[in-house]
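Colleague: I have a new model open and would like to learn how to read it. Can we take it feature by feature?

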Amino acid sequence: MKLYQYHGDKGSDDYQKVIGEIQRNPNNPNMWGIRNLSDEIWNIETQDGGMKSIKKGQIAPIIAIKTIHFSNGIGIIENQKKENYFSDYILISENFGVLV
């Protein structure tokens, strides 16, 4: 699954520019992450309250993310069933609403 500019930029209607991608960890297929494909640094608030910067090409594990601060928007990761399956997580974007 891909994240587009409009997911991370509350002022955008760009449905073609890819800024991120949901990927499976090749060493652990049960672990999923979001790869930053944009030129912007994302600031991730982790589940334990810490902050981490994700540069272009880097991946943040979905299970560890509470909030993604894009350059012009915020995405919130929620685990609907409180289990660690990828299908239980959703991204709520300021601009777009819910992205499963």
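Colleague: Let's start with strand pairing. Which residue in S6 does Arg-35 stand opposite?

Modeller: Keep in mind that this is a predicted model. Arg-35 stands opposite Ile-59 in S6. The strands S3 and S6 pair in the antiparallel sense, over 3 bridges.

Colleague: What is the strand order of the open sheet?

Modeller: The order is S1-S2-S3-S6, with antiparallel pairing of these 4 strands. S1 and S6 stand at the edges. Each has a single partner strand, so one side of each is left without a neighbour in the sheet. From one strand to the next, the twist averages 25°.

Colleague: How do S4 and S5 run, parallel or antiparallel?

Modeller: S4 and S5 run antiparallel, joined by 4 bridges. In this pair, Glu-45 stands opposite Met-51 in S5. The hairpin of S4 and S5 has 4 residues between the strands. Look there at Gly-49, which takes a positive phi near 90°.

Colleague: Now charges. How many salt bridges does the count come to?

Modeller: Check the distance from nitrogen to carboxyl oxygen; the cut-off is 4 Å. By that rule the count comes to 3 salt bridges. One of them joins Lys-2 and Glu-21, with the closest N and O atoms 2.8 Å apart. This pair links distant parts of the chain: Lys-2 is in strand S1, Glu-21 is in strand S2, and they are 19 residues apart. Lys-2 counts as partly exposed, at 36% relative accessibility.

Colleague: Where do Asp-39 and Lys-56 lie?

Modeller: Start with the contact itself: the side chains of Asp-39 and Lys-56 meet in a salt bridge, 2.9 Å from N to O. Asp-39 lies in the loop between strand S3 and strand S4, and Lys-56 in the loop between strand S5 and strand S6, so the pair ties together parts that are 17 residues apart in sequence. Asp-39 counts as exposed because its relative accessibility is 65%, over the 50% cut-off. Lys-56 is exposed too, with a relative accessible area of 52%.

Colleague: What about Lys-66 and Glu-45?

Modeller: Their side chains meet in a salt bridge, at 4.0 Å from N to O. Lys-66 lies in strand S7 and Glu-45 in strand S4, so this pair ties together parts that are 21 residues apart in sequence. Lys-66 counts as partly exposed, at 38% relative accessibility. Glu-45 is partly exposed, with a relative accessible area of 22%.

Colleague: Is Thr-67 buried or exposed?

Modeller: Now the case here. Thr-67 lies in strand S7. Thr-67 counts as buried because its relative accessibility is 10%, under the 20% cut-off. Leaving aside neighbours within four places in sequence, Thr-67 is in contact with Asn-43, Ile-44, Glu-45, Ile-74, Gly-75 and Ile-76.

Colleague: Last topic, the core. Which residues touch the most other members of the largest nonpolar core?

Modeller: In soluble globular proteins, nonpolar side chains tend to be buried together. Here the largest nonpolar core has 13 residues, and Ile-34, Trp-42, Ile-44, Ile-65 and Ile-68 touch the most other members. S2, S4 and S7 are the elements that give two or more residues to this core. S7 gives the most, with 3 residues.

Colleague: Which residues does Ile-65 touch?

Modeller: Not counting residues up to four places away in sequence, Ile-65 touches Ile-34, Ile-44, Glu-45, Gln-47, Ala-60 and Ile-77.

Conventions:
Residues numbered from 1 in each chain as written. Predicted model: local features only at pLDDT ≥ 70, side-chain atom pairs only at ≥ 80, totals over all residues. Heavy atoms only, no water. Buried < 20%, exposed > 50% of the residue type's maximum accessible area, 1.4 Å probe, protein only. Pairing = 2+ DSSP bridges. Axes fitted to C-alpha atoms, helices over the stretch in contact; angles between N-to-C directions. Contact = heavy atoms within 4.5 Å. Core = buried A, V, L, I, M, F, W, Y, C linked by side-chain atoms within 4.5 Å.
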